[in-house]
Amino acid sequence: MTFMERLLAWRNERGAFGFYAVLLATAVLVPLLNLAVPEGSPLHMSTYTVTLVGKYMSYAILAVAVDLIWGYCGILSLGHSAFFALGGYAMGMYLMRQIGTRGVYGNAELPDFMVFLNWSELPWYWQGFDMFWFAAIMVLLAPGLLAYVFGWLAFRSRVTGVYLSIITQALTYALLLAFFRNEMGFGGNNGLTDFKEILGFDLKAPGTRMALFLATALALGVAFAAGRMITGSRLGRVVQAVRDAESRTRFIGYRVESYKLWLFVFSAMLAGVAGALYVPQVGIINPGEFSPINSIEVVIWVAVGGRGTLYGAVLGAVVVNYAKTWFTTVLPDIWLYALGTLFVVVTLFLPQGLVGLISKLKLRRGAA
Amino acid sequence: MKGPDVETNMQLRRNQQRRYRGRFALLCRPLLLFMLWLGGAVAWAQAPAGNEFDTAVASLPTASYMDKEALAGQIARSGHPQAQALLQGWLDGKLYADASGHIWLEGEGGYVDPASGSAGKVEADDLEKIGTNNRLRKGLKGMLAQFALASPTASARIRAVREMRRELDESAVAALQARLQQETDAAVTNEIELALALAELQAGEPSQRLAAIASLDGDRSAEVYNSLSQMASGDEADADAQVRAAALAAVRSIESWRSFYQGVETLLFGLSLGSVLVLAAIGLAITFGVMGVINMAHGELIMLGAYTAYVMQLLLPNHIGLALLLSIPVAFIVSGLAGVAIERGIVRHLYGRPLETLLATFGLSLVLQQLVRSVFSPLNRSVQTPGFLSGSLQFNDLLSVTWIRLYIVLFMLIVFAALWLTLNKTSLGLKVRAVSQNRRMATAMGIATSRVDAMTFGLGSGIAGIAGVALSQLTNVGPNLGQAYIIDSFMVVVFGGVGNLWGTLIGGMALGVTNKLLEPWVGAVMAKILVLVFIILFIQRRKQGLFPQKGRAAEGH
C-alpha cells in the first residue's frame with residue numbers, strides 16, 4: 001500500500017466509526033430528549049422534530065443507495081426517486097388498507113378514492129396489501145423487479161454514461177405521468193394519504209412515532225453496514241474497477257453487466273426501503289415523489305457530502321435537507337437559488353464534497 | 001316554371017307539416033299560396049309594402065313566443081323598407097316596447113320608431129325588451145338570411161345560403177329558388193342548388209328523393225350527413241327501401257371520407273407536434289449532439305426566449321405582430337448570450353466530465369427558474385397571438401386546420417434550413433465540425449477551439465431562444481415551461497442519433513406523429529408514456545439512435 005492508499009483506508013475506517021457513533025448517539029438521545037425530558041424544558045425535543053430527524057434518516061438511506069451505484073460504480077442514476085416512490089407506494093397501500101371503515105365513505109372494502117371514482121371492487125394488484133408481511137415483501141420486490149428488468153436491458157446492451165442517466169430520467173418521468181392517472185388505481189393526483197394506524201398502533205401517537213424513528217435509525221445502520229460490507233468485498237473491488245475502467249475490467253474477464261445489475265437491484269431495493277420508512281412518518285405519498293428533480297436532488301446530496309464514501313452520502317443528505325428545511329421556513333424564495341448554486345459550486349470546486357474538503361484542510365494543516 | 005314549383009312546394013309543405021307540426025307553416029300557408037300564385041318566384045323583399053308591417057309591429061308587445069314567430073314572418077314578408085333593420089335589432093336584443101305598447105328600436109344615437117326611422121323621446125326605464133327564445137332566434141336568423149340573399153357581395157350570399165340550409169322551410173326554399181333565377185355567381189349557384197337538393201330530400205316521390213340523394217353526392221357537410229343518416233335508419237327513416245339503401249350508401253361514403261380526413265387531421269396535428277419537438281430539440285442537437293455537452297438548462301434557455309417575446313410585446317403594446325417578429329432575433333441574442341455565459345462560466349471547466357456538467361447545468365436551471373419567478377412572478381404570462389397567426393384554414397367541410405399549426409411547421413423548416421446552412425456552408429460551421437471531430441488536430445490547424453466552443457454553445461442556445469418564441473404562441477409562458485420540454489428534447493436527440501441534425505428532424509417528426517396517432521386509442525398521457533417506454537427500449541437496441549454517426553467521431557460518444 002502506498003501512503004495515500006493507507007491514508008484513504010484509515011480515513012474510511014474513521015469515517016465509518018464516526019458514523020456509527022453519531023447514529024448511536026442520535027438513537028439514544030432523541031428518545032431521551034423526547035420522552036424523558038418534560039415538555040416545558042428547553043431541552044425537550046418535540047415529536048415534530050423527532051419525525052423530521054426520522055425523515056432525514058430515511059433520506060440518508062436513499063443517499064447511501066445512490067452513492068453505492070454512483071459513487072462506487074459510476075452509474076449516474078437519475079431514476080432513484082422512482083424506486084423510492086415505489087417502496088413508498090407499497091407501504092402506502094398497506095396503510096390505506098388499514099384504514100378500513102374509518103375512511104370518509106366508511107367503505108370496508110375500498111379506499112376512499114376508489115369509492116369516489118365509483119369503482120366496484122378492489123383491483124387485483126391491491127390484493128394482499130392488507131397484510132403487513134406481503135406489503136413488506138412488495139417494498140423490496142417492486143423496485144427490485146423494475147431495476148432488474150431495466151438494468152438487464154440497459155447494461156446488457158451497454159448503455160452507459162449520460163445515455164443511461166437520460167433514460168433513467170425518462171423512466172421516472174414515465175412513471176410520474178402514469179401515477180398521475182386516476183385509472184392507474186393509486187389515487188391519482190392526490191396519492192395515498194389519511195393513514196390511521198400501522199400494525200395496530202395509532203400513527204399519530206408519540207410512541208408510534210418514536211418506534212418509526214428507531215426503526216429508521218436501525219435500517220440506516222443496517223444499510224450502512226451492508227454497503228460497507230459490499231464495497232469492502234471482492235465484489236466491491238470489481239465494481240470500483242468497473243467505475244474506473246469498464247472496458248479493461250471486461251477484457252480481464254469479469255462479466256461487467258452482472259456486477260452492475262446486482263448492485264443496481266440492491267441499490268433500488270434499498271431506495272424502496274427508504275421510501276417505505278418515509279411514508280408512515282410524513283403521512284402521504286403522491287406522484288410528485290416520482291418527479292425527475294427529486295432524483296437529481298438525491299445525487300446532489302451525495303455530491304455535497306462526498307461521493308465514494310458512504311458516510312459522506314449520509315452527511316450530505318442530512319446537511320442539504322436541514323438547509324432545505326431552514327430555507328423553506330425562513331427564506332422560501334431563496335431556497336432554489338441556494339440549491340442551484342450548491343449544484344454549481346460543488347461540481348466546480350468540491351469534486352470530493354464536504355468530506356474531501358475536510359480532509360484537504362487537515363492535510364494542509366498537517367503540512368504547515 | 002310556375003306549375004312545378006308550386007307542386008314541389010305543396011309536397012314540401014306536407015312533409016314540413018309532418019316534421020314540425022308547424023304552426024308557422026300553418027299560419028303562413030294562405031299568404032304563401034297567394035304569393036306563389038301572384039308572382040311565382042318573386043322574392044318577398046320586393047312585394048308591395050302594406051300595413052301588415054304596422055299591425056304586426058303593434059301586436060308584438062303582447063304576443064306569446066309562438067305568435068311572435070308568426071309576426072316575425074309577417075314583418076319579413078311585408079316588404080317594408082325597415083323590416084330587415086327591425087328583425088336584426090330584435091335578434092340583437094335592441095327592440096323595446098314602452099308602457100303604451102309602442103315599439104322602439106335602439107339605434108346609434110337613441111331610440112327610433114322602427115316604421116319611420118324618426119327618433120323619439122323615451123326614457124330607458126320605461127322600456128321593456130321584446131324577448132326572444134332559441135327557437136325564435138333561429139327563425140329570425142333564417143329570415144335575415146333571406147334578406148342577405150339579395151346582398152351585392154357573393155360571400156355574404158354564400159353565408160346566407162349556408163345559414164338558411166340549417167332550417168329549410170318552404171319560405172326559405174321559395175326564396176332560394178327565386179334567387180337561383182337571377183344568380184350569376186357560380187359559387188353561390190352551387191350553394192343554392194345544394195340547399196335545394198337538401199330540401200328535395202323531403203320530396204313526396206321516392207324517385208325525386210333518389211335524385212336528390214344522387215345530386216348531393218360529393219357534398220360532405222354536417223347538414224347533408226345528418227339529413228341522410230336520418231333517412232337511412234332510425235325513427236325517421238325513409239319509408240321507401242330503395243331510398244333508404246341509397247341514403248345509407250351515401251352516408252357510408254361520407255363516413256369513409258370523414259375517417260380519411262380525420263386521419264389527415266391527425267397527421268397534421270402530429271406534424272405540428274413533431275415540429276414543436278424538433279424546434280425544442282434542435283438547439284440541443286448542437287450543444288449535446290455536436291459538442292457532447294449535457295445542458296440541462298436548455299429548457300430554461302427556451303423559457304428565456306418565450307419571456308423575451310412577452311417583454312417585447314410589453315415594449316410595443318400597439319404592434320403585437322411586429323413585436324413577435326422582432327422577438328425572434330432578440331430572443332436569439334438573449335438566449336445566445338446566456339449560452340455563451342454558461343459555457344464560459346461553467347461548462348468550460350467541466351469538459352470531459354459529462355456527469356458533472358449535467359449536475360452543474362441542472363443547478364443553473366433551478367437558478368434561472370427562480371430568477372424568472374422573482375422577476376416576472378410565478379404565474380403564467382400570456383403572449384398575445386397576432387392577427388395573421390390566428391384563425392384557421394378551411395380546406396373543405398370536413399377538414400380545417402388552424403394557421404398556427406401550419407406556421408409552426410413552416411417556421412421549424414426555416415430554422416432547420418438556416419441551421420443546416422450555418423453548419424455546412426459557413427466558416428463557423430466548418431470550424432464547429434472540425435473541433436467536434438478532432439479537437440487537437442483543429443488546434444494544430446490554428447483554430448481557436450475555445451472560442452469556437454463558446455460560439456457553438458451560443459448558437460445552440462440562441463436556437464433554443466427562437467424555439468421559445470414559437471412556443472410562446474402555443475403554450476403558457478411560465479417558469480416551468482423549460483422543464484416540460486427538457487426530457488422530450490433529450491429523447492428526440494438521442495432517438496434521432498446524436499450529432500446528426502437530420503436525425504433530430506426525422507426523430508422529432510416521427511415521435512410527434514406517433515404520439516398523435518396513439519392519442520385517440522389510449523389518451524394523451526398514456527400516449528406520452530408509451531412513446532417514452534418505446535424510446536427507452538429503442539435505445540437498448542440501437543444506442544446510437546436512428547442515424548448513428550459513422551467513423552472516428554462516433555467513438556467519442
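**View 1. Nonpolar cores.** The largest nonpolar core holds 189 residues. Those with the most contacts inside it are A:Ala60, A:Ile61, A:Ala63, A:Val64, A:Ile300 and A:Val314. A second, separate core has 56 residues, including B:Ala56 and B:Leu216. A nonpolar core is a set of buried Ala, Val, Leu, Ile, Met, Phe, Trp, Tyr and Cys residues joined through C-beta atoms within 7 Å. Buried means that 20 or more other C-beta atoms lie within 10 Å of the residue's own, with C-beta atoms placed from the backbone.

The model is predicted: local features need pLDDT of at least 70, side-chain atom pairs pLDDT 80 or more, while totals for chains, interfaces and linings use all residues. Residues are numbered from 1 along each chain as written, with chains lettered from A and ligands numbered from 1 in the order written.

**View 2. Around A:Val64.** Not counting residues up to four places away in sequence, A:Val64 touches A:Ala223, A:Phe224, A:Gly227, A:Leu270, A:Leu310, A:Ala313 and A:Val314. Contact means C-beta atoms, placed from the backbone, within 7 Å.

**View 3. Chain A.** Chain A has 14 helices and four strands (DSSP runs: H or I, at least four residues; E, at least two). Of its 368 residues, 43% count as buried. Its C-alpha atoms fill a box of roughly 70 × 60 × 40 Å along the principal axes.

**View 4. Chain B against chain A.** Here 33 residues of chain B contact 36 residues of chain A. α15 (354-376), α20 (481-496) and α22 (524-541) of chain B each give two or more residues to this side of chain B. α15(B) gives the most, with 14 residues.

Definitions and conventions
Contact = placed C-beta atoms within 7 Å. Buried ≥ 20, exposed ≤ 12 C-beta atoms within 10 Å, placed from the backbone.
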